[in-house]
Amino acid sequence: PNAEVNKTTAQVLRAIDGDTIEVSLNDKKETIRLIGIDAPETVDPRKSVECFGKEASNFAKSKLDGQTIELESDPTQGNRDKYGRLLRYVFINELNINKLMISEGFAHEYTYQSNPYKYQSEFENAQKQAKENRVGLWSDVIKCKHE
């Protein structure tokens, strides 16, 4: 691993939904927005629960709640979003959870303001595979309306 990679350890307090988690970081409560993915909305007060949002949320909870994780920042994406959430990749034992959410069909690959990020091509490939394998959001059983 590259020595420059900025990784910090945090404790997951709870997954809020498929792309946002709450952690304890240096004894502070922080909200983390996972870089490079967009999961269906479950908690946005302005929207109804989106198709497959609950499943995405439950999957994130099952993987993350109570876990010790590593957070990796990406200088191309800034430190925080406009809501003050830290922008990070989340790892459990080297497993990239952002990518897992895509490859299991619980989130779309998402490039913010067409600003390339570190794992972009990996995430795009994961989404291609998920579509081809018709998992999660892409499954025939779930009739999500894809824009």
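Tutor: Arg33 counts as buried, because its relative accessibility is 10%. The model is a predicted one, and the distances below are computed from it. With Asp19, the side chain of Arg33 forms a salt bridge at 3.7 Å, N to O. That pair links distant parts of the chain, 14 residues apart: Arg33 belongs to strand 3, while Asp19 sits in the loop between strand 1 and strand 2. Asp19 has a relative accessible area of 4% and is therefore buried.

Another salt bridge involves Glu30, which pairs with Arg80 at 3.0 Å between the closest N and O atoms. Since Glu30 lies in strand 3 and Arg80 in the loop between strand 5 and strand 6, the contact ties together parts 50 residues apart in sequence. Glu30 counts as buried because its relative accessibility is 10%; Arg80, at 38%, counts as partly exposed. Side chains of opposite charge can pair when their charged atoms come close. The structure holds ten salt bridges, and Arg14, Glu22 and Lys29 are linked in a network of them.

Strand 3 runs antiparallel to strand 2, and six bridges join the two. Within this pairing, Glu22 stands opposite Thr31. The hairpin they form has two residues between the strands, and Asn26 there takes a positive phi near 50°. Strand 3 also pairs with strand 6, this time in the parallel sense and over three bridges. Here Leu34 is the residue opposite Arg88 of strand 6.

What do the nonpolar residues of this region pack into? The largest nonpolar core has 37 residues, and Ile21, Val23, Leu64, Ile69, Val90 and Met101 have the most contacts inside it. Strand 2 (20–25), strand 3 (28–34) and strand 6 (86–92) are among the elements that each supply at least two residues of this core. Strand 6 gives the most, with six residues.

Beyond its neighbours within four places in sequence, the contacts of Val23 include Val12, Leu13, Lys29, Glu30, Ile32, Ile69 and Leu71.

Not counting residues up to four places away in sequence, Val90 touches Ile21, Ile32, Leu34, Leu64, Ile69 and Glu70, among others. The C-alpha atoms of Val90 and Glu70 are separated by 5.8 Å, although the two residues are 20 apart along the chain.

Together with strand 4 (37–38), strand 7 (95–96), helix 2 and strand 8 (108–109), strand 6 is included in what covers the buried residues of helix 3. Those buried residues are Gln120, Phe123, Ala126, Gln127 and Ala130. They fall within an arc of 125° seen down the axis of helix 3, so they line one face of the helix.

Notes:
Residues are numbered from 1 along each chain as its sequence is written. This is a predicted model: local features need pLDDT of at least 70, side-chain atom pairs count only at pLDDT 80 or more; totals for chains, interfaces and linings use all residues. Side-chain values use heavy atoms; hydrogens and water are left out. A nonpolar core is a set of buried Ala, Val, Leu, Ile, Met, Phe, Trp, Tyr and Cys residues joined through side-chain atoms within 4.5 Å. Buried means under 20% relative accessible area, exposed over 50%, partly exposed in between (1.4 Å probe, protein chains only). Helices (H or I, at least four residues) and strands (E, at least two) are DSSP runs, numbered from the N terminus. Contact means heavy atoms within 4.5 Å. Two strands pair if DSSP finds at least two bridges between them. The arc is that of the directions from the helix axis to the C-beta atoms. A salt bridge is a side-chain nitrogen of Lys or Arg within 4 Å of a carboxyl oxygen of Asp or Glu.
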